[in-house]
Amino acid sequence: MRSMDLEDKKLSGNAKKDTWRTKLVLAYQSLGVVYGDLSISPIYVYKSTFADDIHHSETNEEIFGVLSFVFWTLTLVPLFKYVFIVLRADDNGEGGTFALYSSICRHAKVSLVPNRQIADESLSTYKLKQPPEGENSSKVKMLLEKHKTLHTALLILVLLGTCMVIGDGLLTPTISVFTAVSGLELSMSKEHHEYAVIPITCFILVCLFALQHYGTHRLGPVFAPIVLLWLLCISGLGLYNIFRWDPHVYKALSPYYMYKFLKKTKKRGWMSLGGILLCITGSEAMFADLGHFTYSAIQIAFTFLVYPALILAYMGQAAYFSKHHQMTHAISYYVSVPEIVRWPVLVLAILASVVGSQSIISGTFSIINQSQSLGCFPRVKVVHTSDNKHGQIYIPEINWILMILCIAVTTGFRDTKHMGNASGLAVMAVMLVTTCLTSLVIILCWHKPPILALCFLLFFGSIELLYFSASLVKFREGAWLPLLLALFLVTIMFVWHYATTKKYEYDLQNKVSLEWLLALGPSLGMSRVPGIGLVFTDLTSGIPANFSRFVTNLPAFHRILVFVCVKVVPVPFVPPSERYLMGRVGPVNLRSYRCIVRYGYRDVHQDVDSFESELVNRIADFIRYDWCHPELSSDPGNEDDDRLAVIGHSDLATSRPFKSEESIQQVSVSVGFPTIENDPQLRKRRVTFAIDDDQNDSDDPKDEQMRELHDLLDAQESGTAFILGHSHVKAKQGSSVFKRLAIDLAYNFLRRNCRGPDVVLKVPPSSLLEVGMVYVV
């Protein structure tokens, strides 16, 4: 008995060792992905701060005041706000603006996406934790759900944060690489320096964007060592400068020096905060990249390595400048680097800036892909660069646009001051959006008292608003760029989302009754042709209008008819075993089915070949299931009574049955069947789609079931046709000028110049049937 206890202790000790080893490995790997941008900030913070508004004097009040501001900003925002609070507001392990928004949409009915179903709430990743809510939190929830203007305002806030992240993806590579390369000014004359820095920066940026199509997984293994070496380098140089020039510089960490700084500099000091805030650029990446790592790994890496290294780097620079007052107009990171190691530090800084730029570019690709999944961005090509690592994507159109804009900003601004003003405003706007959304998460998702959320909002919001105002006042000195870019992108995203929603409402109002489909027969000259017809629609119930247009002009449809709805659920991932909702449309002999395919906003969509074969297998599973439960068959005369079953893989048992509710907003009533995984009788019968003659011994009405399966097999062998709507949208008569501009010009221009649904679904042209539709919204 004693020996068994010892063995148990050894096993638990090994498990703990493995857990800590895994955490440390993830913390090390997170350095290259999460902290590349944040770790490079010491290169340009002091240079941007002392660029114009304030000057270094012999009293050292300016340099010590800036150090105090940097220390407390790094402590309060990245450490307290992100590491200890915001990182806990994850969405099934995912972070970022859309993760916060999806969590809020699940706990309160504030989403503008109209195809919500009660069946979605049964997903294992939905995770609705609803302890008894307080009266105040219920009031906040009711207030949000009651006013649709608040739904729109919340969406615009999310889109604004998303656009500022995209703006950060443009500005961070520019300022990081430019400032790193500007270290050449200490090694060459001013004339040569002016003609060398811009071309070298542009060359590095072109190479950086040209390598994006290879994917992060090929370059990733060298990212973490580069950032680790850089953090050790700046912390080592910081310690060297502290002990050599001013060992008592630590006294400047006192908040009293912030007061002395503002008292002396007044308005100029407030305006200089636009440079100080650059010390926290990249903090948002800790939350946005949470899905690639874990909370504990990011917490360990920042708390025990990144944060101390950054503080030592800033303290070292302050100690050096406190003894070198003659460098009033030449404050730069490289000045504080001993000449003997200046060239190795310069090379390492350029490499670290490339790593930081790579991280923010990859994050830009990810957030655009999420926006596209939720119907908030025009369709663009998404290339998955790794078969093994999820989330590593490349978007060619966005990549080349970012490259052109980065080169334009580099050649246009040509100095750190304007780049810093633009980058600082984008960073603070993203942080303000995150603060607002997190305060809603505290009330709606965590069910904490509203006063706690208000304290969080006021404390961190006031800090960020102070920095934001300091950046905004530099509007004419570079800060106009992210605002102009955000305005342009928000307009595009909102117009696309608005038109997409209006198209869905039009389809919902003009859907065809089931009686109309049942009336189609030989008396009308209608014939059934061999094969499977997949009718793609956004509707989760009813017969779409594009199918009625199709059979009106071509009086025939396929032997097997499947109405397919591919929709995105407000969760990051949908398990494959819970992806398919299957049901019948009409009686058995009609051979018509409904399939709702559910994806999360970070799921990888299947290619058309695997999707087609998977869909046919799921239909076969549903046929077997449905014949085992004939009493649950839907009433063929009621189009809104589609009874759907979750059909999944037999090796995954994560599906759960769900029950219908009486009130659903414009969606079908989905009655939950037990899934195949939970039914032992069906589990035995689950095979890859094929006709098994051994099933004839069953007591079920096998003759009709076998005929239905044979029809499905014959139709699959005859081929599959993909029926998609080719839409043209126009504003109805009497619409306002803004609506006509948004629909008739902006949306139709975007629709014509982005990728069509057939390209997104990778439908082969030989199997495509497009039905022209005119939407009047």
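This is a predicted model: local features need pLDDT of at least 70, side-chain atom pairs count only at pLDDT 80 or more; totals for chains, interfaces and linings use all residues.
Trainee: How many helices and strands does the chain have?
Mentor: Helices (H or I, at least four residues) and strands (E, at least two) are DSSP runs, numbered from the N terminus. On that basis the chain has 25 helices and nine strands.

Trainee: What percentage of the residues in the chain is buried?
Mentor: Buried means under 20% relative accessible area, exposed over 50%, and partly exposed in between (1.4 Å probe, protein chains only). Of the 777 residues in the chain, the buried ones make up 57%.

Trainee: Is helix H16 largely enclosed by the rest of the structure or largely open, and what is its reach?
Mentor: Helix H16 covers residues 416-444 and has 29 residues. Since 26 of these 29 residues are buried, H16 is largely enclosed by the rest of the structure. The expected span of a helix is 1.5 Å times one less than its number of residues. For H16 the expected value is 42 Å, and the reach from its first C-alpha to its last is close to that, at 42 Å.

Trainee: Which residues have the most contacts inside the largest nonpolar core?
Mentor: A nonpolar core is a set of buried Ala, Val, Leu, Ile, Met, Phe, Trp, Tyr and Cys residues joined through side-chain atoms within 4.5 Å. The largest one has 169 residues, and those with the most contacts inside it are Tyr-35 and Trp-230.

Trainee: Which helix gives the largest share of this core?
Mentor: The largest share of the core of 169 residues amounts to 18 residues. These come from a helix covering residues 295-321, namely H13.

Trainee: Which residues does Thr-364 touch?
Mentor: Thr-364 has its place in helix H14 (residues 342-373) and is buried, with a relative accessible area of 0%. Contact means heavy atoms within 4.5 Å. Not counting residues up to four places away in sequence, Thr-364 touches Val-165, Ile-166, Gly-169 and Leu-402.

Trainee: Are H10 and H11 parallel or oblique to each other?
Mentor: The axes of helix H10 (residues 256-265) and helix H11 (residues 267-276) come within 5 Å and cross at roughly 120°. Axes are lines fitted to C-alpha atoms, for helices over the stretch in contact, and angles run from 0 to 180 degrees between N-to-C directions. Angles under 35 degrees count as roughly parallel, over 145 as roughly antiparallel, 65 to 115 as roughly perpendicular and the rest as oblique. H10 and H11 are therefore oblique.

Trainee: Where does Lys-266 lie, and is it buried or exposed?
Mentor: Lys-266 has a positive phi of about 55° although it is not a glycine. Most residues other than glycine have a negative phi. Lys-266 lies in the loop between H10 and H11, and at 61% relative accessibility Lys-266 counts as exposed.

Trainee: Is Arg-591 buried or exposed?
Mentor: Arg-591 also has a positive phi of about 55° without being a glycine, and lies in the loop between strand S5 (580-584) and S6. Its relative accessibility is 8%, so Arg-591 counts as buried.

Trainee: How many Å apart in space are Tyr-599 and Ser-373?
Mentor: Tyr-599 is found in strand S6 (residues 592-600) and is buried, with a relative accessible area of 2%. In sequence, Tyr-599 and Ser-373 are 226 residues apart. In space, C-alpha to C-alpha, Tyr-599 and Ser-373 are apart by 8.8 Å.

Technical notes:
Residues are numbered from 1 along each chain as its sequence is written. Side-chain values use heavy atoms; hydrogens and water are left out.
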